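Subject: Structure for your review

Dear colleague,

Please find below the structure that I am handing over to you.

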Amino acid sequence: MTPLLSVDGLQTHFFTRDGVAKAVDGVSFSLERGQILGLVGESGSGKSVTGFSLLGLVDPPGRVVGGTITFDGEDLVKGGEPMLRTLRGKRIAMIFQDPMMTLNPVLRIDTQMVETVLAHERMSHAEALKRCREALVMVGISSPDERLQSYPHQFSGGMRQRVAIAIALLHKPDLIIADEPTTALDVTIQAQILAEVQKLCAETGTALIWITHDLAVVSGLADRLAVMYAGRVVEEGETARVIERPLHPYTKGLIDSVPQGKTRGARLQQISGMTPSLLALPQGCAFRPRCARADAACLEEPALEEKLPDRKVRCFHPWTLDAAADAHMPTVTETADQRSGAAARTGTRA
Ligand SMILES: Nc1ncnc2c1ncn2[C@@H]1O[C@H](COP(=O)(O)OP(=O)(O)OP(=O)(O)O)[C@@H](O)[C@H]1O
């Protein structure tokens, strides 16, 4: 089956006075209709820039400098702004962390929603209003008529985000890109919205890219995961399989740092070290300075390769491909420095 979206070798760079920040540098993934992809990684890994690149929303000094984005058979990079203008908001919608990026504070909800409908479709005002009402009901808003006559400031944060999601749904898009849309909300509201979005995707066949730094959020939502580090996808695969058997040391570190019921009260493992500056990336694998499994081979840049069926990983020493070897490898949370410190104390070679 041809995927709805196929991103191949996408590169989006920022040409700053201090140098070129390769925020997205060779990102590849694909998505089928109705599928949910979780795009995960620490802050600054290039998740948002990837999302913005898909919609042609990267502003100078940033620019898409390479790769292809194929959406329903059309090359969006080649098609450029004229093609994107016809798709944006209609076939591809975006939900932002701050719903006020979507909502106009001085307009009533009905005015802005009806305007959005009529921007892409010809119908009467009454028909457009009916569509708006249906979209509000879809995201769990009761008494939509009353809500339609309100202004954004009359809503709670969670309710504002629901309205923003309803606006994204107005044209029954093929793809929604959601950039940390529930991060600012309390856990209960977040869980409700996640459940509703999941249901909507299943019902409408809308595909979704859910961008988040929170692996726990997407693990219950996404069909597939793409893990990003320093502008690159380092691991991609089916969510359950990635969580159960992470291959990349960074993915394993992310999973180990998610609180589990069984570890309540126990000290959480954290990935030591910091994400590197994009203006001064280490030679070879960008995760090398934080990785306990790194060796001289990692001074070369690994490629994203399919090391197990339907599992891609960008690493020379992925986990659990060789259980016997894994048993002798240090955990990802130990750094090379810690290892050599331990070795010095015990008089062994690190
Ligand atoms: N306007 C800009 N000018 C220069 N560099 C930028 C700009 N926007 C983004 N970048 C670069 O792109 C990198 C990735 O940014 P991006 O917002 O995609 O990260 P992210 O993974 O979404 O993190 P966060 O969750 O913090 O938003 C930034 O760390 C920065 O180096």
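Taken over C-alpha atoms, the centres of domain 1 and domain 2 are separated by 32 Å. Please note that this is a predicted model. The domain assignment places domain 1 at residues 5–229, while domain 2 is made of two segments, 252–258 and 267–346.

Where the two domains meet, 14 residues of domain 1 are in contact with nine residues of domain 2. On the domain 1 side, β2, α8 (215–219) and β9 (224–229) each contribute at least two residues. The largest share of that side comes from β2, with five residues. By class, the side of domain 1 that touches domain 2 holds seven nonpolar, four polar and three charged residues.

The UniProt record, an unreviewed entry, lists residues 5–255 as "domain: ABC transporter".

I turn next to the ligand. There are 16 residues around the ligand, and those that come nearest are Ala23, Ser43, Gly44, Ser48 and Val49. At least two residues of the shell are supplied by each of β1 (5–16), β2 (19–31) and α1 (47–54). The largest share, three residues, comes from α1. The shell divides by class into six nonpolar, nine polar and one charged residues.

Helix α3 (residues 109–120) packs with helix α4 (residues 125–138) at an angle of about 110 degrees, and their axes are 9 Å apart. Because angles of 65 to 115 degrees count as roughly perpendicular, α3 is roughly perpendicular to α4. From α3, the contact is made by Asp110, Met113, Val114, Val117 and Leu118; from α4, it is made by His125, Ala128, Leu129, Arg131 and Cys132. The residues of this contact comprise seven nonpolar, one polar and two charged.

Most residues other than glycine have a negative phi, and most peptide bonds are trans. The peptide bond from proline 60 to proline 61, however, is cis, with omega near 10 degrees. Proline 61 is placed in the loop between α1 and β4 (62–71). Serine 143 has a positive phi, near 40 degrees, in a residue other than glycine. The place of serine 143 is in the loop between α4 and α5 (144–148).

With kind regards

Definitions and conventions
Residues numbered from 1 in each chain as written. Predicted model: local features only at pLDDT ≥ 70, side-chain atom pairs only at ≥ 80, totals over all residues. Near = placed C-beta within 6 Å. Helix = DSSP H or I, 4+ residues; strand = E, 2+ residues; numbered from the N terminus. Nonpolar A, V, L, I, M, F, W, Y, C, P; charged D, E, K, R; others polar. UniProt positions renumbered as here; feature names shortened; annotations may be inferred. Domains from an automatic or database assignment. Contact = placed C-beta atoms within 7 Å. Axes fitted to C-alpha atoms, helices over the stretch in contact; angles between N-to-C directions. Parallel < 35°, antiparallel > 145°, perpendicular 65-115°, else oblique.
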